[in-house]
Amino acid sequence: MNIESITMVELRRMGMYDANHQIGMWADCLKAESSQNTSSSAILEEQDGGMENLSEDARLGIVGPSKPYEQEESKPSDKVIRRLAQNREAAKKSRLRKKAYIQQLELSRIKLVQLEQEVDKVRHQGVYIGEHIDNSIIGYSGSINPGIAAFELEYGHWIEEQNRQICELRAALQGSASDIELGILVENGMKHYDDLFRMKSIAAKSDVFYIVSGLWKASAERFFLWIGGFRPSGLLKVLSPQLNPLTEQQRMAVYNLQQSSQQAEDALSQGLDKLQQTLSETIAADPLSASGMTNYMGQMGQAMGKLEALVSFVDQADHLRQETLQQMYQILQTRQAARGLLALGDYLQRLRALSSLWAARSRERI
């Protein structure tokens, strides 16, 4: 008996080795391993099949729907479509607003033209225009001088009435009006100028500077202004040629009237120059001296008193104008007097028209 046999015997005795039992155990192990291998193979096959199916599905899922997705991307979304519609609507409203704005500008331009025409019409009437506004019309407190406002209104009506009378005189002289009819028109015209002198006298008491400066007249009329009105001798020089034919006696009377008017004008002009000098000396003072500041109110009071004389100068100048017209009316015959009043009114109208043309020319240059 060899060592292996002894070992086997000992093992059997100890119950630790049984060939049949051992073979059975090995068989069970082999079966278990075989079943495990079979299960693993099946699982692997199933996983491989699933992976193949999954890869195929994934491949089909990626490749298949790619074209519809690209088509979906090529189409604008609803949000983009709404945004485009909103932009189109906003652009349409903007165009409508622009069109309305242009129409409004055109209407404003038309209204401005109409307003300028109305302003020119008022200038023709000699009414005081806002561009000449100063403290004589609107004081420091912002109140309007009621005397000047009333004069402006009356003078506007006076211009309208003068234009109407000029039309009547022109129609009567061009027609076959009798001397009696012409005499009535001439008397009405003379009374109309008397009304102007009366209105100016009242306005001068409210603000003499307003009358003297001629703010109530057109710009071309102010160019020939003399103490708040026309110079009688200068007007006779303008109108005399329009009165021909004149008799020798009439011509001499007109010449003498012109000379006497010139002398009276010189006397008034010298008196006005003296008043200006006296007024300047009254208000002039050393601004650094204490006495100058102390006597300030006293000097202003003296100056105010001297300005009262300016009202008298305006009244005397208007009286000279009125007397010149009255004497011309006495020198001339009825038809000649009618022609003289027509020439005077037409001359003043032309001065106002010249002022409007000059103002329009100035606006075009701006």
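**Exercise 1. By about how many helical turns are Y155 and W158 separated in helix α5?**

Solution. The structure is a predicted model. Helix α5 covers residues 146-174, and Y155 and W158 are 3 residues apart in it, so the separation is about one helical turn.

**Exercise 2. Classify the ring pair of Y155 and W158, and decide whether each residue is buried or exposed.**

Solution. A pair of aromatic rings is described by the distance of the centres and the angle of the planes. For Y155 and W158, the centres lie 5.9 Å apart and the planes meet at 10°. Planes under 30 degrees apart count as stacked, and the pair is therefore stacked. Next comes accessibility, where buried means under 20% relative accessible area. Y155 has 2% and is therefore buried; W158 has 4% and is buried by the same rule.

**Exercise 3. Describe the pair formed by Y155 and W216, and state which parts of the chain it ties together.**

Solution. The ring centres of Y155 and W216 are 5.0 Å apart, with 90° between the planes, an edge-to-face arrangement. Y155 belongs to helix α5, whereas W216 lies in the loop between α7 (208-213) and α8 (219-223); the pair therefore ties together parts 61 residues apart in sequence. Both Y155 and W216 are buried. Ring pairs also join these residues into a cluster with F151, W158, Y193 and Y210.

**Exercise 4. Determine how helices α10 and α12 are oriented to each other, and which residue classes make up their contact.**

Solution. Helix α10 spans residues 248-283 and helix α12 spans residues 296-331; their axes come within 10 Å and cross at roughly 175°. Angles over 145 degrees count as roughly antiparallel, so α10 and α12 are roughly antiparallel to each other. The contact of α10 with α12 comprises 19 nonpolar, 10 polar and 2 charged residues.

Key: Residues are numbered from 1 along each chain as its sequence is written. This is a predicted model: local features need pLDDT of at least 70, side-chain atom pairs count only at pLDDT 80 or more; totals for chains, interfaces and linings use all residues. Side-chain values use heavy atoms; hydrogens and water are left out. Axes are lines fitted to C-alpha atoms, for helices over the stretch in contact, and angles run from 0 to 180 degrees between N-to-C directions. Helices (H or I, at least four residues) and strands (E, at least two) are DSSP runs, numbered from the N terminus. Angles under 35 degrees count as roughly parallel, over 145 as roughly antiparallel, 65 to 115 as roughly perpendicular and the rest as oblique. Ala, Val, Leu, Ile, Met, Phe, Trp, Tyr, Cys and Pro count as nonpolar, Asp, Glu, Lys and Arg as charged, and the others, Gly among them, as polar. Rings of Phe, Tyr and Trp (its six-membered ring) pair if their centres lie within 6.5 Å; planes under 30 degrees apart count as stacked, over 60 as edge-to-face and the rest as tilted. Buried means under 20% relative accessible area, exposed over 50%, partly exposed in between (1.4 Å probe, protein chains only).
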